[in-house]
Amino acid sequence: MNNTSLDSAKILEAILNANSKNELDDIEQSLFGRKSGSVTLAMKDLQKLDEDARKETAKKLNADKQKFLSELEKKHIEIKTAKKEQMSGTENIDISLSLPSEETGHLHPISQFITNVEEVFGRMGFDVAVGPEIENEELNFDLLNFPKEHAARDSQDVFFIKSNAPEDNKLLLRAHTSPVQIRYMREHKPPFRAIFPGKVYRKDADATHSPMFHQFEGLMIGEDVSLANMKAVMITAIKELISKDAEFRFRTAHFPFVEPGLEVDMRWQGDDDSSREGKWMEVVGCGMVHPNVLENCNIDSKKYQGFAFGFGIERMIMIRDQIPDLRAFFVNDLRFLRQF
Ligand code: DAH
């Protein structure tokens with residue numbers, strides 16, 4: 001057998017089964033390569049045949065060659081088309097697909113709560129004011145009727161600031177929002193009612209205490225503001241801010257700037273949760289403003305009286321939503337924040 005005989009059926013089958021352009025190129029090379037392509041060699045070998053056989057074989061060879069070429073071209077087109085289809089399949093946009101909804105941010109739960117506090121007290125006619133976070137001892141303690149030796153002034157509890165301020169009136173990070181009462185009373189003539197939200201600082205850190213937390217202070221002064229008015233305002237506010245179903249208990253307590261001073265406890269039947277059911281929880285300190293404090297602000301304590309109160313904001317949200325650890329407010333874990 002010489003090179004002029006090709007197994008054309010096998011070659012056509014190889015072309016038909018090719019899956020890629022590279023495979024086709026290899027087949028093409030094996031057939032028509034200049035040095036060793038089988039068709040090329042067969043053409044060369046034609047000379048070796050005698051006249052009659054050459055004519056016969058050349059005819060067959062040419063027919064095979066045309067067949068190979070046309071099948072190769074067909075297959076090239078087929079592979080190209082398949083690739084295009086595949087690409088358009090993956091790169092087209094499917095406008096019928098439903099996408100996850102776009103996530104939008106929202107205010108931090110503490111900011112949300114403060115906004116709510118301002119609305120609730122706004123409806124009861126309370127103004128909103130703020131004071132500085134750096135105060136001095138006079139505003140944070142003295143003018144609020146704290147005796148010089150009061151334990152709350154201890155540097156174990158309060159962040160004092162190194163400064164040139166006099167030794168007996170050092171600068172500090174305010175330990176409560178109560179000094180804003182003093183600022184407000186000095187700048188306004190009674191009657192008035194206002195709340196003062198903001199950050200406060202104490203050397204305390206555990207699951208229910210943070211070195212920085214938020215409070216809002218409230219103050220209402222007039223000619224005939226009574227303890228009964230205070231109770232009504234406290235109950236209305238707590239019901240709106242925490243739970244409509246709350247019950248209340250007022251206990252006497254001591255704060256230097258009020259007399260009498262009270263603490264309010266609340267409890268309510270939690271929906272299906274038994275942990276807070278029946279448990280009294282302290283929510284606010286309050287009382288009738290001490291006459292010394294009014295006089296310190298040049299308000300005539302014979303003519304005017306009123307009440308003050310101080311809420312812990314994180315504490316209120318923790319009670320409302322049963323959050324066991326106050327630190328959750330400050331680590332900015334989105335799984336926590338997204339729930340508000
Ligand atoms: N300043 C108090 C505190 O930080 C809270 C407080 C209690 C404020 C009684 C008041 C009040 O105005 O009357 O613990």
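How much accessible surface does the protein chain have, and what share of it belongs to carbon and sulfur atoms? I looked this up at the start. The accessible surface comes to about 20100 Å². Carbon and sulfur atoms hold 50% of that surface. I note that the model is predicted.

**Entry: overall build.** I looked up the secondary structure next. The protein chain has 11 helices and 10 strands. I then checked how spread out the chain is. Its radius of gyration is 44 Å, while the globule rule gives 20 Å for 340 residues, so the chain is more spread out than a compact globule. I also took the box around the C-alpha atoms. Along the principal axes, the box is roughly 140 × 50 × 35 Å.

**Entry: burial and contacts.** I looked up burial. Of the 340 residues, 40% are buried. I turned to contacts between residues at least 6 apart in sequence. Of these, 64% join residues at least 24 apart.

**Entry: charges.** I looked up the charged groups. The protein chain carries 45 positive and 56 negative charges. Their mean positions lie 6 Å apart.

Entry: I picked out an open sheet of 3 strands. The order is β2-β4-β3, and the pairing is antiparallel. I then followed β3 to its partner. β3 is joined by 2 bridges to β4, which spans residues 171–173. F160 has L172 in β4 as its bridge partner.

Note on methods: Residues numbered from 1 in each chain as written. Predicted model: local features only at pLDDT ≥ 70, side-chain atom pairs only at ≥ 80, totals over all residues. Heavy atoms only, no water. Pairing = 2+ DSSP bridges. Helix = DSSP H or I, 4+ residues; strand = E, 2+ residues; numbered from the N terminus. Rg over C-alpha atoms; globule rule 2.2 N^0.38 Å. Buried < 20%, exposed > 50% of the residue type's maximum accessible area, 1.4 Å probe, protein only. Contact = heavy atoms within 4.5 Å. Areas by Shrake-Rupley, 256 points an atom, 1.4 Å probe, with all protein chains shown as cover. Lys, Arg positive; Asp, Glu negative; His and termini not counted. Charge placed at Lys NZ, Arg CZ, Asp CG, Glu CD.
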